[in-house]
Amino acid sequence: MTWVILNHECVLADRASISIKDRGFLFGDGVFTSAKVENGRVLHWDRHCERVTAQCKTLHILPPDIKQSKVEELIERNGAEQGVWKLKIVITGGIDSRLSLPTRTYGTYLVTLEKYEMPEGKAKLCRYPYPIESPASSLKTLAYLPRLMVKQYALERGFDDAVVCSSKGWVLESAFSNLYWEEGGAVFTPMSTLPLLAGTYLTSIDHLKEERITYEQLKEKQ
């Protein structure tokens, strides 16, 4: 049996449901975060909570109270005290038909947990030919179709993922991952001022340096 948290209560996954009027379903109006769970412990818990709460406020969503004790109960119910798991927190923008982003109480608060399988070997990357930039680039919203298109582009050409660049040619990220590279004993990543989504793990790396780099320059560093 698989358990989830739905609006602060642990329920069986096959009994969980959301409203067909939920803005997350209708408009992709909502945010989420994915955290790694190792042997029952959620890594970077505070950072994940801070980020998803801050992003709710950016979209004028009044966020739920995310209780760590309830997440610990979810881990126990799913037998996730050993191994590596992926915890996902989803918060939607409620039930409101207005075509804007008014201040509103969250609609659905969902937490899921599933076994995580680490990918093996090095990923084969290509370049995605179209720039992806939007006002929501730095937000982890539910509107993930552009990223799915990046991933599909890579898979159809025999690659694992694709590197996305800005309209000016600067490297941003891949479909679902941040990019970083080592040079001269230092770790570099694309500038955070660029239109990209900075992951929680990336922000935990000590002495991380930022740099503008083109795809051609990145290939030379492999």
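Author: Let's start at N78, which is buried, with a relative accessible area of 13%. Buried here means under 20% relative accessible area, exposed means over 50%, and partly exposed is in between (1.4 Å probe, protein chains only). N78 sits in the loop between α3 and β6. Leaving aside residues up to four places away in sequence, N78 touches M1, T2, W3, W85 and L113, where contact means heavy atoms within 4.5 Å.

Before going on, a word on the ground rules: this is a predicted model, so local features need pLDDT of at least 70, side-chain atom pairs count only at pLDDT 80 or more, and totals for chains, interfaces and linings use all residues. Residues are numbered from 1 along each chain as its sequence is written, and side-chain values use heavy atoms, with hydrogens and water left out.

One of the contacts of N78, L113, leads us to the largest nonpolar core, which has 28 residues. L113 is among those with the most contacts inside that core, along with V42, W45, I66, L87, I91 and Y109. At least two core residues come from each of β1 (3–6), β2 (9–12), β3 (30–38), α2 (45–58), α3 (68–77), β6 (84–92) and β8 (109–115). Helices (H or I, at least four residues) and strands (E, at least two) are DSSP runs, numbered from the N terminus. A nonpolar core is a set of buried Ala, Val, Leu, Ile, Met, Phe, Trp, Tyr and Cys residues joined through side-chain atoms within 4.5 Å. Take V42 as an example: not counting residues up to four places away in sequence, V42 touches A35, K36, V37, V71, I75 and L87. Apart from this core lies another, of 11 residues, among them Y128, A154, V164 and L194.

Back to α3, at one end of the loop that holds N78. Within helix α3, R77 and E73 lie 4 residues apart, about one turn of the helix, and they form a salt bridge whose closest N and O atoms are 2.8 Å apart. The rule for a salt bridge is a side-chain nitrogen of Lys or Arg within 4 Å of a carboxyl oxygen of Asp or Glu. R77 is partly exposed at 37% relative accessibility, and E73 is also partly exposed, at 25%. D65 and K67 make a salt bridge too (2.9 Å, N to O); D65 is partly exposed at 47%, and K67 is partly exposed at 45%.

By this rule the count comes to 11 salt bridges, and the one between R104 and D29 has its closest N and O atoms 2.9 Å apart. R104 lies in strand β7 (residues 104–105) and D29 in the loop between α1 and β3, so this pair ties together parts that are 75 residues apart in sequence. R104 is buried, with a relative accessible area of 5%, and D29 is buried as well, at 6%.
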